[in-house]
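Thanks for coming, everyone. Let me put the model on the screen, and then we'll walk through it.

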Amino acid sequence: MNEVFRQEKKFLISIEEFYKFKALFSKVMYEDAHSKEHEYYPVRSLYFDSIDDRDYQEKLDGVEVRRKIRLRNYGADSEFALLEMKQKQGEFQKKRSLKLSKEDALELIKGNYSILLKYKETFAKECYAVMTMHCYRPATVVTYHRKAFIAKENKIRVTFDYNIVTNESDFNIFSKTLNEYSVFDPYMVILEVKYNGFLLAYIKDIINQCEKSQISMSKYCLGRTISKHYVY
């Protein structure tokens with residue numbers, strides 16, 4: 001089980017600005033393991049929510065302490081998935097994740113949450129309790145392209161996410177034939193900075209070149225465009 005506790009800042013930038021900032025960060029940070037091999041890599045997340053859409057509504061209402069539960073992989077060819085719970089606590093985000101086999105992830109997608117009981121980690125038991133007690137079910141799949149950079153100091157990550165598409169009817173994140181549709185301007189990119197404690201000065205200097213205001217944007221809410229009316 002992996003756990004991180006960090007702050008996150010998001011900015012909405014253009015494709016042109018993306019190439020500018022990508023070049024700047026490439027000079028002072030390392031590409032993450034996935035980005036080293038490709039120009040970008042796919043990220044696909046299945047979001048779960050309660051039967052009364054509690055997590056979705058709490059995000060819209062700006063509830064100070066809230067959570068999201070998702071199952072994430074890195075494209076249809078992935079042989080595993082990460083069960084993740086993100087908890088918003090003021091300015092901070094707590095993220096815990098557990099690696100699941102492809103077979104167990106498929107069982108989770110089917111609604112067989114009892115598969116989590118075979119894992120020894122207490123986080124698995126917590127997810128099982130929350131998902132069964134509040135009647136969680138698959139809500140939407142969100143897929144996008146990502147370019148990411150890391151700094152070894154202070155666990156800083158800078159990500160660029162774009163080409164965001166979704167599917168609200170087929171929840172198999174391992175499928176190669178998901179009928180996904182766009183929910184985001186293809187000429188815009190979400191720049192996100194994730195850090196623990198403080199930003200290093202040389203990274204902060206680059207971020208300060210971004211003349212855009214911070215945004216509060218949820219990919220999960222973007223993915224509920226059909227079943228929910230959402231304006232960001």
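What covers the buried residues of H2? Keep that one in mind for a moment. A word of caution comes before the answer: this is a predicted model.

Now, helix H2. It spans residues 54-61, and its buried residues are Asp-55, Tyr-56, Glu-58 and Lys-59. Look down the axis of H2: these buried residues fall within an arc of 165°, so they line one face of the helix. And the cover? It includes S3, S4 and helix H6, residues 219-222.

S3 runs over residues 41-49, and eight of its nine residues are buried. Which strands does S3 pair with? One is S7, residues 137-151: the two are antiparallel, with nine bridges. Here Val-43 sits opposite Tyr-144 of S7. Another is S4, residues 65-73, also antiparallel to S3, with five bridges. In this pair, Tyr-47 faces Arg-70 of S4.

On to the core. The largest nonpolar core has 27 residues, and Phe-48, Leu-71, Leu-108 and Leu-116 touch the most other members. Which elements give two or more residues to this core? They are S3, S4, strand S5 (80-89), strand S6 (92-101), helix H3 (102-109) and helix H4 (122-133). H4 gives the largest share, five residues.

Take Leu-71 as an example. Leaving aside residues up to four places away in sequence, its contacts include Phe-48, Leu-83, Leu-100, Leu-108 and Ile-173. Arg-44 and Ser-45 are also among the residues that Leu-71 touches. Apart from this core lies another, of 23 residues, including Phe-21, Met-29, Ile-156 and Tyr-195.

Last stop, helix H3. Which residues of H3 are buried? Asp-104, Ala-105, Leu-108 and Ile-109. Around the axis they cover an arc of only 145°, which puts them on the same side of H3.

Thanks, and over to you.

Key. Residues are numbered from 1 along each chain as its sequence is written. This is a predicted model: local features need pLDDT of at least 70, side-chain atom pairs count only at pLDDT 80 or more; totals for chains, interfaces and linings use all residues. Side-chain values use heavy atoms; hydrogens and water are left out. Buried means under 20% relative accessible area, exposed over 50%, partly exposed in between (1.4 Å probe, protein chains only). Helices (H or I, at least four residues) and strands (E, at least two) are DSSP runs, numbered from the N terminus. Two strands pair if DSSP finds at least two bridges between them. The arc is that of the directions from the helix axis to the C-beta atoms. Contact means heavy atoms within 4.5 Å. A nonpolar core is a set of buried Ala, Val, Leu, Ile, Met, Phe, Trp, Tyr and Cys residues joined through side-chain atoms within 4.5 Å.
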